[in-house]
Amino acid sequence: MVEIVRYSSRYKPEWNTFVRASRNGTFMLLRDYMDYHADRYADHSQLFYSKGKLVAVLPANAIGAELHSHAGLSYGGIVSGNNMKAPLMLKVFDAMIGYCRQLGFKTLYYKAIPHIYHQVPAEEDLYALFRNQAELCQRTLNSVITLDNKLPYATLRRRKLKQARQYNLVVRESQEYQVYMQLVEEVLQGKYKLRPAHTTEELTRLATAFRDNIRLYAVYEGDSMIAGMVVYESATVAHSQYIASSARGRETAALDFLTDYLLTKVYPHKKYFSFGVSTEQQGLYLNEQLVSNKESYGARTVVHDFYRMQF
């Protein structure tokens, strides 16, 4: 039997200890990260116990009769430890389905944790989803570089790097989040009529709380920041959360300079470098210009799957 306990703040130490020791959890699934936007989501996370031992957790929130894992996160499927095996995962799902039916949930929307974040293979949940007739309802496309087996840059990227080296550009880690986020807002508003997922205050607070995981690398020309990238670091992945360049940055190919610096000087020890998704409309629309830019650095596709299960 698997027992389910709904998360409350009393379980925070146990939750965080479990996620840190898990095979597929990252800092984004720690409570101090999840709870920065707690006012926007009705948390309904769950802890799963077998024979009195915590064997899995599910970051989740409720929206009416829907359970989401987790609508405020890029990914948020079941986090499990090295002792999780396929038969136990099936029991976890049986317990979760019974729990959801008992509470009146009609639908589960499940975001699988992409395999690039796994320190040990951890796809028992995908098998359990299949066994319970979950439907693949969204597939986004993420561009990823395998850092110990990089493909060569495209000719344009090599030309841009040569151009960038003609200028007096310097890359350094920065704490100037306010300056940088103004740049991000200008780029997103100008290109896509969008706003960043985080406010300046939120990102600054998160970067302060997770100094080993959230870093801003910026390109300076003199004292002026002309481009930058916020990188989310986990055990296996360096993920570019935000990328932005000023007009001067574009003139000097500053982002090419920065990206090459990160790939060759900062993160060659990581397994993967992720540029993020290039799809919209639940994966049905591919921004070909955006993905081509990422692929020109040698990135190739890793998909991120989303499932729907009816109860």
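Modeller: Contact means that heavy atoms lie within 4.5 Å. By that criterion Val-184 touches Pro-196, Tyr-242 and Ala-244, not counting residues up to four places away in sequence. This is a predicted model, in which local features need pLDDT of at least 70, side-chain atom pairs count only at pLDDT 80 or more, and totals for chains, interfaces and linings use all residues. Residues are numbered from 1 along each chain as its sequence is written, and side-chain values use heavy atoms, with hydrogens and water left out.

Colleague: Why is Val-184 called buried?

Modeller: Buried means under 20% relative accessible area, exposed over 50%, and partly exposed in between (1.4 Å probe, protein chains only). Val-184 has a relative accessible area of 2%, so Val-184 is buried.

Colleague: What makes α3 oblique to α4?

Modeller: Helix α3 (residues 86-103) and helix α4 (residues 124-131) pack at an angle of about 55°. Angles under 35 degrees count as roughly parallel, over 145 as roughly antiparallel, 65 to 115 as roughly perpendicular and the rest as oblique. Therefore α3 is oblique to α4.

Colleague: Which residues of α3 meet α4?

Modeller: Ala-86, Met-89, Leu-90 and Phe-93 of α3 meet residues of α4, including Tyr-127 and Leu-129.

Definitions and conventions
Axes are lines fitted to C-alpha atoms, for helices over the stretch in contact, and angles run from 0 to 180 degrees between N-to-C directions. Helices (H or I, at least four residues) and strands (E, at least two) are DSSP runs, numbered from the N terminus.
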